[in-house]
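Biologist: Can you walk me through this model and tell me where the labels come from? I'd like the cut-offs spelled out as we go.

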Amino acid sequence: MARKTKAEAAATREALLDAAEEVFFAKGVARTSLEQIARHADLTRGAVYWHFKNKGDLFMALVERVRMPFQSLMEEVNNADPTVSPLEAIRLACHAGLDRLEQPSHQRILSILLHRCEFFSDINPIQMQDEIADECFDEMLSVFQLAQQQQLLRNDLTPDVATRLMQAALGGLFHDWLRNPEAFSLRERGGELIDTLITMMQR
């Protein structure tokens with residue numbers, strides 16, 4: 001019975017996050033109340049407060065659903081092929097990230113964070129974006145540093161510049177895509193961009 005209760009609680013939490021994703025996307029974060037989210041999930045406000053302290057806590061849990069630490073993507077690549085070179089690992093990890101970003105839920109939640117979330121109460125979307133970007137930068141930088149140590153990077157390119165170049169190119173492409181996801185395939189156009197950049201960076 002205890003297991004069933006725990007499973008039911010987890011299902012309720014997921015239902016609330018699903019509802020928040022849909023309502024935040026339709027109305028924006030600031031114009032959405034916890035009561036509206038509860039109604040959309042066919043649950044009570046009490047159920048919301050059982051799982052989340054406030055709207056900011058719920059929103060952060062929603063963003064955590066789609067966070068993809070670059071280190072996790074790298075681990076997946078290295079687990080599949082431990083012999084892969086650092087530059088090839090970066091290329092494959094970026095491709096894997098683009099595949100996930102095209103999933104509807106990832107697209108909606110990141111669109112909420114970037115375009116439908118204002119500064120509100122304890123929600124600071126700019127700070128959240130900065131934390132994600134800084135985390136990705138530090139993790140990617142460490143792999144480019146390894147590539148330099150193995151003499152894989154071209155001589156006139158530092159790991160820092162290589163990381164900034166990759167992050168700026170992919171960040172710009174991602175913002176363009178989010179404005180009009182039907183305009184092009186993020187996976188296809190981004191894949192071409194990644195492959196070209198890695199080729200240009202190689203010694």
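**Labels and cut-offs**

Modeller: Buried residues make up 37% of the 203 residues in the protein. Buried here means under 20% relative accessible area, exposed means over 50%, and partly exposed is in between, with a 1.4 Å probe and protein chains only. This is a predicted model, where local features need pLDDT of at least 70 and side-chain atom pairs count only at pLDDT 80 or more, while totals for chains, interfaces and linings use all residues. Residues are numbered from 1 along each chain as its sequence is written, and side-chain values use heavy atoms, leaving out hydrogens and water.

Biologist: Why is Ile123 called buried?

Modeller: Its relative accessibility is 5%, so Ile123 counts as buried. Ile123 is found in the loop between α7 and α8. Leaving aside neighbours within four places in sequence, Ile123 is in contact with Val29, Lys55, Gly56, Phe59, Cys117 and Glu118. Ile123 and Lys55 are 68 residues apart in sequence, and their C-alpha atoms are 8.3 Å apart in space.

Biologist: What makes you say that helix α4 is mostly covered?

Modeller: Seven of the 10 residues of α4 (residues 55-64) are buried. They are Lys55, Gly56, Leu58, Phe59, Ala61, Leu62 and Val63. Of these, Lys55, Gly56 and Phe59 are among the contacts of Ile123.

Biologist: Which atoms come together at the start of α4?

Modeller: A side-chain oxygen of Asn54 reaches to within 3.1 Å of the backbone nitrogen of Gly56. A polar contact is a pair of N or O atoms within 3.5 Å; within protein, one must be able to donate a hydrogen and the other to accept it, and residues adjacent in sequence count only if both atoms are side-chain atoms.

Biologist: What about α8: how do you know whether its span is as expected?

Modeller: Helix α8 (residues 125-149) has 25 residues and reaches 36 Å from its first C-alpha to its last, close to the 36 Å expected. The expected span is 1.5 Å times one less than the number of residues. At the N-terminal end, Asn124 caps α8, with a side-chain oxygen 3.3 Å from the backbone nitrogen of Ile126. Just after α8, Gln151 takes a positive phi of about 60 degrees. The buried residues of α8 include Met128, Phe137 and Leu141, and what covers the buried residues includes α4, α9 and α10 (186-201).

Biologist: Why is the pair Arg179 and Asp176 called a salt bridge?

Modeller: Their closest N and O atoms are 2.6 Å apart. The label needs a side-chain nitrogen of Lys or Arg within 4 Å of a carboxyl oxygen of Asp or Glu, and the pair meets it. Being three residues apart in helix α9 (residues 159-179), Arg179 and Asp176 are separated by about one helical turn. An α-helix has 3.6 residues a turn, so residues three or four places apart point the same way. At 60% relative accessibility Arg179 counts as exposed, whereas Asp176, at 37%, counts as partly exposed.

Biologist: Which side chains meet in a salt bridge at 3.3 Å?

Modeller: Those of Glu35 and Arg39, N to O. Both lie in helix α2 (residues 34-40), four residues apart, about one turn of the helix. Glu35 counts as partly exposed at 39% relative accessibility, while Arg39 counts as exposed at 51%.

Biologist: How many salt bridges turn up in the whole structure?

Modeller: A search finds 16. One of the pairs is Glu64 with Arg67, whose closest N and O atoms are 3.4 Å apart. Glu14, Asp18, Glu21, Arg65 and Arg108 are linked in a network of salt bridges.

Notes: Helices (H or I, at least four residues) and strands (E, at least two) are DSSP runs, numbered from the N terminus. Contact means heavy atoms within 4.5 Å.
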